Number of protein chains: 2
Amino acid sequence: MRTLRKDAQRNRDLLVAAARRRYAARGLDVPLEDIAKEAGVSIGTLYNRFPTRGELIEAALACKVANAVELAEKASTMADPWEGFAWFIEHCCELQAADRAYNELCARALPDTPEIDRLKARGHELVLRIVGNAKESGQLRADFEEGDFAFVVWSTTTIINATAATAPDAWRRHLAFLLDGLRADAAHPLPGKALEPDEVAEAMRTLGG
Amino acid sequence: MRTLRKDAQRNRDLLVAAARRRYAARGLDVPLEDIAKEAGVSIGTLYNRFPTRGELIEAALACKVANAVELAEKASTMADPWEGFAWFIEHCCELQAADRAYNELCARALPDTPEIDRLKARGHELVLRIVGNAKESGQLRADFEEGDFAFVVWSTTTIINATAATAPDAWRRHLAFLLDGLRADAAHPLPGKALEPDEVAEAMRTLGG
DNA sequence: CATGAACTTGAGGTCATCCTCAAGTTATGT
DNA sequence: ACATAACTTGAGGATGACCTCAAGTTCATG
């Protein structure tokens with residue numbers, strides 16, 4: 001990608017910032033014309049910089065994904081593995097609660113750019129480690145698998161959306177119930193088997209379309 | 001409501017049946033023209049019978065709500081209170097999994113007609129009883145409240161949507177984790193306090209709009 | 001400066017869905 | 001069988017979002 005002319009770069013920055021604000025407030029389906037207006041730029045300019053919807057979403061939100069990966073980095077090195085596991089989940093949910101766009105992203109897939117792929121691979125690796133540590137320490141139930149992780153996040157998305165306006169911390173209560181069910185000493189036999197990583201990816205694609 | 005002319009009644013029935021099919025397959029946002037076409041009737045006729053979107057949704061789906069209330073009736077009289085509680089939740093989730101429209105209804109509010117109000121009141125009463133019984137028997141944790149019930153249902157909606165195509169029973173695994181966390185012997189202290197019934201209603205309104 | 005390439009602009013074409021209404025059709029009661 | 005109220009129809013106006021492009025403007029470079 002060649003470097004942009006100064007005015008073009010400025011407009012691009014304005015657009016990304018505007019997109020972040022509108023996405024956070026109204027979700028990923030906000031009309032593109034709203035974003036252009038918020039940026040103080042014409043709709044044509046938006047299309048010049050971001051020919052497809054996905055490119056703008058990625059420019060606006062890739063940093064949020066990086067953010068989540070940082071959380072995972074930290075969680076994976078915490079002294080108490082259960083604390084690391086629970087802390088990571090809690091902070092993922094906080095990200096969702098703070099930003100409607102991120103909430104929707106948890107249930108849609110981002111476009112596959114090299115940058116996103118790298119983040120995904122790293123996140124994947126870290127989740128494996130976090131889950132593995134917590135199981136080894138005997139605190140996380142042994143039948144919890146990596147594929148169950150997506151469920152934990154998905155399980156709070158509707159709650160967060162529903163209660164954002166009236167009781168923005170309500171999801172914490174639900175999460176506490178669920179975490180209690182994930183402790184080793186709570187375990188009862190499970191029905192079915194966990195999803196494989198590619199099944200999780202496929203499921204996200206389903207939701208997006 | 002006066003009785004309809006014979007042809008009008010027939011068209012109404014066709015419309016309701018068509019709406020059920022389209023809603024179940026594609027969700028509540030399916031275009032009205034699709035429903036009219038599926039019913040083999042013009043769009044004008046649809047508007048004659050159902051001047052507002054809500055009226056058609058109600059005509060098509062009130063029976064599903066009645067269905068859920070029947071489940072609650074049965075659950076509330078089951079011999080083992082924990083079984084009743086878990087059985088009811090499981091079957092609510094099955095309803096969601098079988099019908100995309102019902103899934104969406106769990107997170108939107110139905111219009112308030114006398115019929116719906118009656119069902120809601122009865123459902124409310126039965127949930128109180130189911131939860132009360134399970135707590136009294138010492139199987140359900142004592143800090144679970146009626147307002148937490150909505151969370152249990154909401155927690156599966158995204159999972160059900162995401163996995164409907166690829167792993168239609170995956171939600172059962174998640175629900176098993178959560179139920180383990182709801183057993184009395186799993187209880188750890190909870191953050192925050194439960195939602196009041198009016199807060200739940202308000203939250204549903206938020207999601208719908 | 002001057003010139004061309006890069007960039008911006010917004011009116012307007014396209015599309016999908018919503019909803020209405022004037023004209024035509026059908027059921028129903030006498 | 002007839003009159004009339006009830007009903008159906010589908011073309012088309014209204015809306016809102018998408019996306020394009022020809023004309024105008026600004027930047028960067030010699």
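Visitor: Is B:D99 buried or exposed, and what is its relative accessible area?

Guide: The model is a predicted one, and within it B:D99 sits in the loop between α5 and α6 (100-105) of chain B. Leaving out residues up to four places away in sequence, B:D99 touches B:Y23, B:A24 and B:K64. Since buried means under 20% relative accessible area, B:D99 counts as buried, with a value of 5%.

Visitor: Which residues is B:I130 in contact with, apart from its neighbours within four places in sequence?

Guide: B:I130 belongs to helix α7 (residues 114-136) of chain B, and at 2% relative accessibility B:I130 counts as buried. B:I130 and B:A101 are 29 residues apart in sequence, and their C-alpha atoms are 25 Å apart in space. With the neighbours within four places set aside, the contacts of B:I130 are B:A72, B:A75, B:S76, B:G84, B:F85 and B:F88.

Visitor: How many residues apart in sequence are the parts that the pair of B:F85 and B:F149 ties together?

Guide: Over all chains the structure holds 12 aromatic pairs. One of them joins B:F85 and B:F149 in an edge-to-face arrangement, with 6.2 Å from centre to centre and 80 degrees between the planes. Because B:F85 lies in helix α5 (residues 81-98) of chain B and B:F149 in helix α8 (residues 148-163) of chain B, the pair ties together parts whose separation in sequence is 64 residues.

Visitor: Are B:F85 and B:F149 buried or exposed?

Guide: The limit that matters here is under 20% relative accessible area for a buried residue, against over 50% for an exposed one. By that criterion, both B:F85 and B:F149 are buried.

Visitor: Which residue of chain B forms one aromatic cluster with A:W82, A:F85, A:F88, A:F144 and A:F149?

Guide: Aromatic rings are taken as paired when their centres lie within 6.5 Å. The cluster that includes A:W82, A:F85, A:F88, A:F144 and A:F149 also takes in a residue of chain B, namely B:F177.

Visitor: What part of chain A counts as buried?

Guide: Chain A has 10 helices and 0 strands, and its C-alpha trace spans about 60 × 40 × 30 Å along the principal axes. Among the contacts in chain A with a separation of 6 or more, 70% come from residues 24 or more positions apart. The accessible surface of chain A comes to about 9900 Å², with 52% of that belonging to carbon and sulfur atoms, and of the 209 residues of chain A the part that counts as buried is 49%.

Visitor: Which element gives the most residues to the surface near DNA strand C?

Guide: DNA strand C is surrounded by 20 residues, the closest being A:R5, A:N11, A:N48, B:E33 and B:Y47, and sugar and phosphate make up 64% of the atoms of DNA strand C that come within 4 Å of the protein. Phosphate oxygens of DNA strand C lie 2.3 Å from an N or O atom in the side chain of A:N11, 3.1 Å from a polar backbone atom of B:K6 and 3.0 Å from a backbone N or O atom of B:L32. The elements that give two or more residues to this surface are α1 and α3 (43-49) of chain A together with α1 and α2 (32-39) of chain B. With 5 residues, the element that gives the most is α3(A).

Visitor: And on the surface near DNA strand D, which element gives the most?

Guide: Of the 20 residues around DNA strand D, those that come nearest are A:E33, A:Y47, B:R5, B:N11 and B:N48, while sugar and phosphate account for 63% of the atoms of DNA strand D within 4 Å of the protein. Phosphate oxygens of DNA strand D lie 3.2 Å from a backbone N or O atom of A:K6, 2.7 Å from an N or O atom in the side chain of A:Y47 and 2.9 Å from a polar side-chain atom of B:T45. Two or more residues each come from α1 (6-26) and α2 (32-39) of chain A, and from α1 (6-26) and α3 (43-49) of chain B. The element that gives the most, with 5 residues, is α3(B).

Visitor: How many residues of the surface near DNA strand D are charged?

Guide: Asp, Glu, Lys and Arg are the residues that count as charged. The surface near DNA strand D divides into 7 nonpolar and 5 polar residues, and the number of charged ones is 8.

Definitions and conventions:
Residues are numbered from 1 along each chain as its sequence is written. Chains are lettered from A and ligands numbered from 1 in the order in which they are written. Side-chain values use heavy atoms; hydrogens and water are left out. A residue is near a molecule or strand if one of its heavy atoms lies within 4 Å of it. A polar contact is a pair of N or O atoms within 3.5 Å; within protein, one must be able to donate a hydrogen and the other to accept it, and residues adjacent in sequence count only if both atoms are side-chain atoms. Helices (H or I, at least four residues) and strands (E, at least two) are DSSP runs, numbered from the N terminus. Buried means under 20% relative accessible area, exposed over 50%, partly exposed in between (1.4 Å probe, protein chains only). Contact means heavy atoms within 4.5 Å. Accessible areas come from the Shrake-Rupley method with a 1.4 Å probe; for residues, only the protein chains shown count as cover. Rings of Phe, Tyr and Trp (its six-membered ring) pair if their centres lie within 6.5 Å; planes under 30 degrees apart count as stacked, over 60 as edge-to-face and the rest as tilted.
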